[in-house]
Amino acid sequence: MTTSKDEGFAGMLIGVKNETFLTTDLNACWQISADAQLQFRFWGDECVLYHGAAGSTHRVPELVGRLLQCLLQEPATTATLSERVDLDAEDVESSLREMGSLGIAERLA
């Protein structure tokens, strides 16, 4: 016999099974895509990023711009980038995945 409370909990478990959870890989190494041709302009807590290879402009938080500038110097791990720009590792990886989908950054094998 289940109560409505039990049915609610079972519903939550069903929802969890269908979600994809991404874990943060602190050792994942990232770099700027070879042909990205990036240019940056910073205003307060925002950055305007020009992606020359695609001919597109993006407005990103300042820390994401700083993150990409670090990667222009050399490839780095999620953990290293998190420390350099003082941004949570999950946010670093999420931002870089987004930049990857735009062809700006890429994860190394």
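Me: Buried means under 20% relative accessible area, exposed means over 50%, and partly exposed is in between (1.4 Å probe, protein chains only). With that in hand, why is D86 called exposed?

Reply: D86 has a relative accessible area of 68%. The cut-off for exposed is over 50%, so D86 counts as exposed.

Me: Before we go on, what kind of model is this?

Reply: This is a predicted model, in which local features need pLDDT of at least 70 and side-chain atom pairs count only at pLDDT 80 or more, while totals for chains, interfaces and linings use all residues. Residues are numbered from 1 along each chain as its sequence is written, and side-chain values use heavy atoms, with hydrogens and water left out.

Me: Thanks! Where is D86, and what is noted about its phi?

Reply: D86 is in the loop between α3 (78-85) and α4 (89-101). Its phi is near 55 degrees, a positive value in a residue other than glycine. Q37 also has a positive phi, near 50 degrees, and is not a glycine either. Q37 belongs to the loop between β1 (29-32) and β2 (38-43).

Me: What makes Q37 exposed?

Reply: Its relative accessibility is 54%. Exposed begins over 50%, so Q37 counts as exposed.

Me: How do you know how α3 is oriented relative to α4?

Reply: The two helices pack at an angle of about 110 degrees, and their axes are 9 Å apart. Axes here are lines fitted to C-alpha atoms, for helices over the stretch in contact, and angles run from 0 to 180 degrees between N-to-C directions. Angles under 35 degrees count as roughly parallel, over 145 as roughly antiparallel, 65 to 115 as roughly perpendicular and the rest as oblique. The pair α3 and α4 is therefore roughly perpendicular.

Me: Which residues of α3 and α4 meet?

Reply: On the α3 side they are T78, L81 and S82, and on the α4 side A89, V92, E93 and L96. Contact means heavy atoms within 4.5 Å. By class, four of the residues in this contact are nonpolar, two polar and one charged. For these classes, Ala, Val, Leu, Ile, Met, Phe, Trp, Tyr, Cys and Pro count as nonpolar, Asp, Glu, Lys and Arg as charged, and the others, Gly among them, as polar.

Me: And why is α2 called roughly perpendicular to α4?

Reply: Their axes come within 11 Å and cross at roughly 75 degrees. Since the range for roughly perpendicular is 65 to 115 degrees, α2 is roughly perpendicular to α4. V64, L67, L68 and L71 of α2 meet V92, S95, L96 and M99 of α4. This contact has seven nonpolar, one polar and no charged residues.

Me: What makes a nonpolar core, and how many residues are in the largest one?

Reply: A nonpolar core is a set of buried Ala, Val, Leu, Ile, Met, Phe, Trp, Tyr and Cys residues joined through side-chain atoms within 4.5 Å. The largest has 23 residues, and L38, L49, L68, L71, L81, L96 and M99 have the most contacts inside it. Two or more residues come from each of β1, β2, β3 (46-51), α2 (62-73), α3 and α4. With five residues, α2 gives the most.

Me: How do you know that L71 is buried?

Reply: L71, in helix α2, has a relative accessibility of 3%. Buried means under 20%, so L71 counts as buried. Leaving aside neighbours within four places in sequence, L71 is in contact with W30, Q31, I32, A76, L81 and L96.

Me: Why is I32 called buried?

Reply: I32, in strand β1, is at 12% relative accessibility. That is under 20%, so I32 counts as buried.

Me: Last one: what makes R97 partly exposed?

Reply: R97 lies in helix α4 and has 33% relative accessibility.

Notes: Helices (H or I, at least four residues) and strands (E, at least two) are DSSP runs, numbered from the N terminus.
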